[in-house]
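Subject: Structure for you to look at

Hello,

Here is the structure I said I would pass on. Please open it first and then read the notes below.

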Amino acid sequence: MGGDHKVKMAKVLFQFLIFPGFLFLSVVGGILSWVDRKLTARVHFRKGPPLLQPFYDLIKLSVKETTVPENASARVFLATPILALTASVISGILILLPALNISSGFRGDLLVIIYLLAVPAVTTIIGALASGNPLSAVGASREIKLLISYELPFLLTILALVIRSDMSISLSDLIAKQAVSGVFIGSFSGALGFIVIMMVIQAKLSLVPFDMAEAETEIIAGVITEYSGIPLGLIKLTRFILLFVLPSFVISLFLGGFDFTGWNILGSILKIVLIILLITLVRNTNPRVKIKAAMKFFFIWMNLFALLSIILAIMGY
Amino acid sequence: MSNKEVVVPIGPYHPLQEEPEFFKLYCDGEVVKRVVWEAGYNHRGHEKISEGKSFDQSLFLVERICGICSCSHPFAMVNAVEDAGNITNIPVRAKYIRTILGELERIHSHLLWVGLAGHFIGYNTVFMWAWKYREPILDIFEMTCGNRNHYGMFKVGGVRRDIENDDIPEILKVLDKLKPKLNLLIGAVMDDPVIHSRTKGIGILTKEDIREFHALGPTARASGIPIDVRKDDPYAAYNMVKWKVITAEEGDVFAKAAVRLLEMIESVSIIEQCLNGLQKTKNGPIDIKLKEVPAGEGVGHHEAPRGEVFHFVKTNGTNSPERHKIRAPSLMNIPTFRRSCTNQTISDVALILAAVDPCYCCTERLLSVYDWESGKREWTFNDLVKLSHEKTRKIMKRLKKQDV
């Protein structure tokens, strides 16, 4: 029995730290971040960074000095990046285990995933407010406004999918349902939901047009103004991981998850690159919108789309 | 939220400004209640240095006031010196070359602004594209003057280097290639609904505001005031070519962008006409051999990309100016923030501050007086302004008495 327990522990630790956990997420996230940067550069007529640039950035930040502002509450200020990283890694594991079809006890409870995906934004807000910088405070207030506007359409869209898959709130059930009756994006409700969720993850990744929380030319770096050295590196790493986790979530919800058997590997890679391409295109063909406009966009239009998607889902389209 | 005002600093070093400059935004939440401008990070004492240099050296000096409008200041200064010395027989070829340089500079400066404005609203694609299209202009500069910036072309009585007639077809080719790119950029900026939502109806300056602050250049023209020295008081070759003053009525950020974008098309047309003029004059002289500048006082203007730049030069028969006064257009344009920034959000204020295309190194003059030994500030900028107002009032009183 004891030996069995140890094997189980080792398996969980392996899943948490190496595959599909921290290490795997960081490496793939870093590479996807390179894809994003390279594509952006090509759109700009620039050459773009080398493949390992995201990792060079992290290494450089890890040897830089970490400064804590005098009037910051140091513990909260330094703890929040670690919290955000942990939450993003756990959410990544919970999404990837069902998405990669790895057998485990966890079947992908959507509610847990939704909560965990909100943690990075919340911790950023807390960290920004703890830093005591007026620019960070402005950034934090924007992030709060953004958070409360995009969470509702996010939930509603997922609700539409839950209705489609016979009221099951487990991710593996959603993927199994898609394997039987075709991917959700192929239906009207799914297509509408896909548009909404792409906008939401654009905001969750704080990319243009929804990057007002760290609008460079207005409030320097907004919520992350005061961070430096290793904490800043952790924040960057969280962004890399989210850049992999959120598209994976979308793929699990709408495109039938990943499949790594035979030629399907190519299809899986194509799916994730396609989502990254969409994100990059949106962020390169739009200016930053104002926070008021963003709230209006999510509260009115995206909620409307999401509600429509629910109605269609109930009707069975 | 507390009712206390929060100060959001833009500066002294900030990604919004390419130069050190300090704006304090007193905010209530996202809304900016008032803005305080602190200048003085860029003061270099050009006027005083210029008074100790010869005219030729002085031209090189004023060229270095600003890297972007580095032909506007020498242009205005040669106009001023020629006015002071009553030098009127400038060769036609020199006039054309001066005009070409002035207009090329307008194009590259406006493209630079469009790119930066794109960057300020987070649209980095526009930023990169506009700066890419700016490159051929800098190449023309390098071809004709030898430098991408700081051209060193102006001298009292003419220009230093000729634009060879053999080079003209190549310049025309570059301009031909530039035109579709400019049209593409204009289309991309003017038709984008998201850009509209960010720029339309924001930072509105009415005609009255413009008159009150004496704003100049595209800032004034975007509010429907067709002020342009090139038309109002033509110099160089501006009365020998056909062009029109671009204006817009709205006075918001979008109108300012539109005016600048459309002005570039006009500039291309002016350059083409000047190049044709050059071809007609064959290879004439490009300067007059000037022995000395007679004593006198003169003013010179040039419509720089940001508005009218004004130089006053007093000569005394020697080879250096006795008094040299410079006033750049940004000095009039920047204070319009008092009218356009109040009760706007921080995002808008950042854009509005940038919309007048401020150039701080052009603007900054004497700002505060320190005691050398104790390092204590004796006179601040506001004190000096007060002092100058008092003096003006005194002079006005005296003049009124004389009138009676």
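Helices (H or I, at least four residues) and strands (E, at least two) are DSSP runs, numbered from the N terminus. The model is predicted, and local features need pLDDT of at least 70, side-chain atom pairs count only at pLDDT 80 or more, while totals for chains, interfaces and linings use all residues. Residues are numbered from 1 along each chain as its sequence is written, chains are lettered from A and ligands numbered from 1 in the order in which they are written, and side-chain values use heavy atoms, with hydrogens and water left out.

Confidence

pLDDT is the predictor's confidence in each residue, from 0 to 100. Chain A averages 87, and 97% of its residues score at least 70. Among the elements of chain A, the mean is highest in helix α3 (residues 53-62), at 93, and lowest in helix α9 (residues 216-219), at 78.

The second largest pocket

A pocket is an open set of points on a 1 Å grid over the protein atoms alone, where a 1.4 Å probe fits, with protein on both sides within 12 Å along at least five of seven lines; lining residues have an atom within 4 Å of a point. Of its 31 lining residues, the closest to the centre are Leu207(A), Glu214(A), Lys236(A), Arg239(A) and Arg283(A). Both chains contribute: α2 (22-43), α9, α10 (229-254) and α11 (264-284) of chain A and α5 (124-145) of chain B each supply at least two residues of the lining. The largest share, 5 residues, comes from α10(A).

Salt bridges

A salt bridge is a side-chain nitrogen of Lys or Arg within 4 Å of a carboxyl oxygen of Asp or Glu. The count over all chains is 34. One of them joins Glu151(A) and Lys204(A), with the closest N and O atoms 2.9 Å apart. Glu151(A) lies in helix α6 (residues 134-164) and Lys204(A) in helix α8 (residues 188-204) of chain A, so the pair ties together parts that are 53 residues apart in sequence. Glu151(A) is buried (under 20% relative accessible area; exposed is over 50%, partly exposed in between, with a 1.4 Å probe and protein chains only), at 15%. Lys204(A) is also buried, at 12%. In chain B, Asp287(B) pairs with Lys289(B) at 3.0 Å; Asp287(B) is buried at 13%, whereas Lys289(B) is exposed at 67%.

Regards
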